[in-house]
Amino acid sequence: PSVAVIVVAAGSGTRLGLGQPKAFVSLAGRPILSRSLDAIFALDDETQVVVVVPADRVEQAGDIVAQVAGAAVGYATVVVGGESRQASVEAGLAALAESVDIVLVHDAARALTPTAQFASVIDEVRSAGRGAVPGLPVSDTIKRTDGFGLALATVDRSELSAVQTPQGFPRQQLQRAYEFAADEFTDDAALVAAAGFEVAIIHGDPLAFKITTAWDLRRAEQELAPAPE
Ligand code: CTP
Ligand code: MG
């Protein structure tokens, strides 16, 4: 395949607070990881799926992948993640097939991300030859604070974008950026930008929100509930 999606699912889910890794928590009857793989295996592009999980979850992840993949084209690899998200992405990069030239990195915790968002990111990377990340306008008024509880200036909202995943990159750019990364970054776009490569922001989708807290999990359950008559 020429496209790979690295699904990072090796986090511990501290803020969700259910005492198990977040990707393995049930969301409307199936693990969050399973839900997030649905959209990826529905892609038209033949895709290598690399799932990055905690060391003691490799077997379980393999079962989940097999169940969702069914007869889908492409293939999947399960690898063990690291201490940080960045280390987990790095573990995923090491498992890429030789033929891959576009790499998407996706949070398993964004379980309801539609297939169309993956397809848009792939299209943008392919046509523009640079990184592409989905983002949404920020609707709240954002204040810079003095660090002690006092409001300083209001940040100009029109310059802000709340970014999501999948974040896609030409493979060479992402791998070079990871080779040279000296710091920890909060997302792959920041790491790639720090290496000097351009990253475009495309339209995101509210459904790609990240399940972080118990409130987010309830919201995801509601999205999956059958619509009332
Ligand atoms: N992730 C990972 N490896 C890590 C840390 C995070 O693969 N060492 C993944 C998570 O599994 C998740 C995504 O990165 O899909 C986004 O991270 P986050 O929402 O912070 O998940 P957790 O780290 O699991 O949650 P928390 O920070 O609340 O512990
Ligand atoms: Mg985390």
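Residues are numbered from 1 along each chain as its sequence is written, while chains are lettered from A and ligands numbered from 1 in the order in which they are written. Because the model is predicted, local features need pLDDT of at least 70 and side-chain atom pairs count only at pLDDT 80 or more, whereas totals for chains, interfaces and linings use all residues.

**The whole chain**

The C-alpha atoms fill a box of roughly 55 × 45 × 35 Å, taken along the principal axes. A compact globule of 229 residues would have a radius of gyration near 17 Å, and the chain, with 18 Å, agrees with that; the radius is taken over C-alpha atoms, and the globule rule is 2.2 Å times the number of residues to the power 0.38.

Of the 229 residues, 38% count as buried, a word used when 20 or more other C-beta atoms lie within 10 Å of a residue's own, with exposed meaning 12 or fewer and partly exposed in between, the C-beta atoms being placed from the backbone. Now select Ile6, Val7, Val8, Ala9, Leu33, Val51 and Val52, which have the most contacts inside the largest nonpolar core, a set of 55 residues. Such a core consists of buried Ala, Val, Leu, Ile, Met, Phe, Trp, Tyr and Cys residues joined through C-beta atoms within 7 Å. Its largest share, six residues, comes from strand S1 (residues 3-8).

Keep Leu33 selected and leave aside its neighbours within four places in sequence: Leu33 is then in contact (C-beta atoms, placed from the backbone, within 7 Å) with Ala9, Ala23, Phe24, Ala61, Ile64 and Ala108.

**Around the ligand**

Select ligand 1 next, which is surrounded by 22 residues, the closest being Val8, Ala10, Gly11, Thr14 and Arg15; a residue is counted here if its C-beta atom, placed from the backbone, lies within 6 Å of the molecule.

**Loops and a hairpin**

Move to Gly19, in the loop between S1 and strand S2 (26-27), which is exposed, with 9 other C-beta atoms within 10 Å. A distance drawn from its C-alpha atom to that of Val79, 60 residues apart along the chain, gives 22 Å.

Ala28, in the loop between S2 and strand S3 (30-31), has a phi near 50 degrees, a positive value in a residue other than glycine. With 14 C-beta neighbours inside 10 Å, Ala28 counts as partly exposed.

Go on to strand S8 (residues 143-145) and strand S9 (residues 151-154), which pair in the antiparallel sense over two bridges; strands pair if DSSP finds at least two bridges between them. Thr145 stands opposite Ala151 in S9, and the two strands form a hairpin with five residues between them, where Gly147 in the turn has a positive phi of about 90 degrees.

Finish at Thr165 and Pro166, which are joined by a cis peptide bond with omega about 5 degrees; Pro166 is in the loop between strand S10 (161-163) and strand S11 (167-170).

How values were computed
Helices (H or I, at least four residues) and strands (E, at least two) are DSSP runs, numbered from the N terminus. Two residues are in contact if their C-beta atoms, placed from the backbone, lie within 7 Å.
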